Amino acid sequence: MNFFKRLRYTIEADVQQILDKKERKNPITLLNHYLKQAEVQTKETASCLERQRQLQEQFAQALKENEKMLMKRREQLELVQYAGEEDLLAFAQQEVATYTERQMQLEQSLEQVTHDYFTLEQKYEQMKHKLKDMKVRQLQLMGKENVVRAHHKMDGVLKTHETNDQSFAEMEQYIDQLSDRIDADYSVTTFEQRLEQISRRQQTETTLDKQ
């Protein structure tokens, strides 16, 4: 293997590796790239098919015109032979031979170009079906990608809610603790107020007794 072949294989391997990485990263982007290439190739095939159809018509027209000239030259040859025109006989025979040979070539060419046309037409139809299948695949991947993105966003929202729920639980626990503390302080305050009231009442009663 020479240097240029090794270089070509190395470049092809590097390109394939890049495409593989790109496909793993975003398969839809790579599929869109392939779709564009397939559309270009399909259009080129359609142009070739149209050109082949035109060639088929041109060969058919050339064959038709040659048949007319061949019939005409054969009639002229018969006329020359009947008239005994020896000086024209060789020319008439050569003309008939030329048109006869051309007739065979045109028939073979028309048969070949017709065969090639039908072969191209079949491949063109296959390419169109493949292109449609790739577009269907593109829609399928887009649908799956959309579902994955939607689930990813919803998972993010749900995780946020879980975090919020945890924060709410912590806040609720803090409020409960604060409420218990306030209730305890309130109980102490109420107890002291009642003791103070009792103390004042006793002092008042003692003062009245002394009077």
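A residue is called buried when its relative accessible area is under 20%, exposed when that area is over 50%, and partly exposed in between, with a 1.4 Å probe and protein chains only. By this scale Tyr117 is buried, with a relative accessible area of 14%.

This is a predicted model, in which local features need pLDDT of at least 70 and side-chain atom pairs count only at pLDDT 80 or more, while totals for chains, interfaces and linings use all residues. Residues are numbered from 1 along each chain as its sequence is written, and side-chain values use heavy atoms, with hydrogens and water left out.

The chain has three helices and zero strands, where helices (H or I, at least four residues) and strands (E, at least two) are DSSP runs numbered from the N terminus. Confidence is given as pLDDT, the predictor's score for each residue from 0 to 100; the chain averages 76, and 61% of the residues score at least 70. Helix α1 (residues 3–25) has the lowest confidence, at a mean of 54, and helix α2 (residues 27–83) the highest, at 88. Where pLDDT is low, the predicted coordinates should not be read in detail.

Of the 211 residues in the chain, 15% are buried. A nonpolar core is a set of buried Ala, Val, Leu, Ile, Met, Phe, Trp, Tyr and Cys residues joined through side-chain atoms within 4.5 Å, and the largest one has seven residues: Leu70, Leu77, Val80, Leu89, Ala92, Val96 and Tyr99. Helices α2 and α3 each supply at least two residues of this core, and its largest share, four residues, comes from α3. Apart from this core lies another, of six residues, including Leu31, Ala38, Leu131 and Leu141.

Contact means heavy atoms within 4.5 Å, and, leaving aside neighbours within four places in sequence, Val96 is in contact with Leu70, Arg73, Arg74 and Leu77. Arg102 lies over the face of Tyr99, at 5.2 Å from the ring centre; a charge counts as over a ring if NZ of Lys or CZ of Arg is within 6 Å of the ring centre and within 35 degrees of the ring normal.

The structure holds one aromatic pair. Tyr117 and Phe118 form this pair, which is edge-to-face, with 5.7 Å centre to centre and 65° between the planes; rings of Phe, Tyr and Trp (its six-membered ring) pair if their centres lie within 6.5 Å, and planes under 30 degrees apart count as stacked, over 60 as edge-to-face and the rest as tilted.

| Residue | Relative accessible area and class |
|---|---|
| Tyr117 | 14%, buried |
| Phe118 | 45%, partly exposed |
| Ala90 | 52%, exposed |
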